[in-house]
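Please consult the sequence and the coordinates alongside the points below.

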Amino acid sequence: MSFRCDTAGSQDLPQLVELLALLFAQEAEFAADSAKQRSALEMILGDPAVGRIYVAREDGRVIAMASLLYTVSTAEGARAAWLEDVVVRPGRRRQGVGRELLEHVAAQARADGLARITLLTDVDNRGAQALYRESGFRASPMRPMRLKLR
């Protein structure tokens, strides 16, 4: 089966919400809430300055997604991005879909002039970490911390 990577649109919203439910079911820190996920996805899809959502499609079906959210890095002196919500449908994992989607995201980020992409991954998600390393990501000595505001 062949697939292609491109940018998500509002027509993809139901499938993106579904993929996020799969992702959050396996994450320790987050829980799926379709209303929250739909709201956040609409914010991203509705404002290109916020970010982009990239997908892998096969026969019109979204089989993987990744969100790239923009920021500015004072360390880099340039625009940068956070990579979030990387998820591949279970039946398509370990078939190169995630790797190709990450390559597509990185190519788009380079073309848009971004200086860096940063991501977070669960410490026990060895499969995802291996994929990220294969795609050129390196571990950082920085430690994530959160302040929940609501």
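Is the crossing of H3 and H4 left-handed or right-handed? The crossing of these two helices, H3 and H4, is right-handed. The model under discussion is a predicted one. Two packed helices are described by the angle between their axes and the distance between the axes.

**Packing of H3 with H4**

- Helix H3 comprises residues 97-111 and helix H4 residues 126-134; their axes come within 10 Å and cross at roughly 45°.
- Classified by residue type, the contact of H3 with H4 has three nonpolar, one polar and two charged residues.

**Packing of H1 with H2**

- Helix H1 (residues 13-26) packs against helix H2 (residues 34-46) at an angle of about 125°, and the two axes lie 10 Å apart.
- H1 and H2 are therefore oblique to each other, and their crossing is right-handed.
- H1 contributes Leu13, Pro14, Leu16, Val17, Leu20 and Phe24 to the contact, while H2 contributes Ser34, Gln37, Arg38, Leu41, Glu42 and Leu45.
- The residues of the contact of H1 with H2 divide by class into eight nonpolar, two polar and two charged.

**The second largest pocket**

- The volume of the second largest pocket is about 240 Å³.
- Its lining consists of Leu102, Glu103, Ala106, Ala109, Arg110, Leu114, Ala115, Arg116, Ile117, Ser135, Gly136 and Phe137.
- H3 gives the most to the lining of this pocket, with five residues.
- By class, the lining of the second largest pocket has seven nonpolar, two polar and three charged residues.

**Surroundings of Arg4**

- Arg4 is placed in strand S1, which spans residues 4-7.
- With neighbours within four places in sequence left aside, Arg4 is in contact with Val55, Ala56 and Arg57.
- Arg4 and Gly60 are separated by 56 residues in sequence, and the C-alpha to C-alpha separation of Arg4 and Gly60 in space is 9.8 Å.

Terms used. Residues are numbered from 1 along each chain as its sequence is written. This is a predicted model: local features need pLDDT of at least 70, side-chain atom pairs count only at pLDDT 80 or more; totals for chains, interfaces and linings use all residues. Side-chain values use heavy atoms; hydrogens and water are left out. Axes are lines fitted to C-alpha atoms, for helices over the stretch in contact, and angles run from 0 to 180 degrees between N-to-C directions. Helices (H or I, at least four residues) and strands (E, at least two) are DSSP runs, numbered from the N terminus. A crossing is left-handed if the near helix is turned anticlockwise from the far one by less than a right angle, and right-handed if clockwise. Ala, Val, Leu, Ile, Met, Phe, Trp, Tyr, Cys and Pro count as nonpolar, Asp, Glu, Lys and Arg as charged, and the others, Gly among them, as polar. On a 1 Å grid over the protein atoms alone, a cavity is a set of points where a 1.4 Å probe fits but cannot get out, and a pocket is an open set with protein on both sides within 12 Å along at least five of seven lines; lining residues have an atom within 4 Å of a point. Grid points are joined across faces, edges and corners, and a volume is the space filled by probe spheres set on the points. Angles under 35 degrees count as roughly parallel, over 145 as roughly antiparallel, 65 to 115 as roughly perpendicular and the rest as oblique. Contact means heavy atoms within 4.5 Å.
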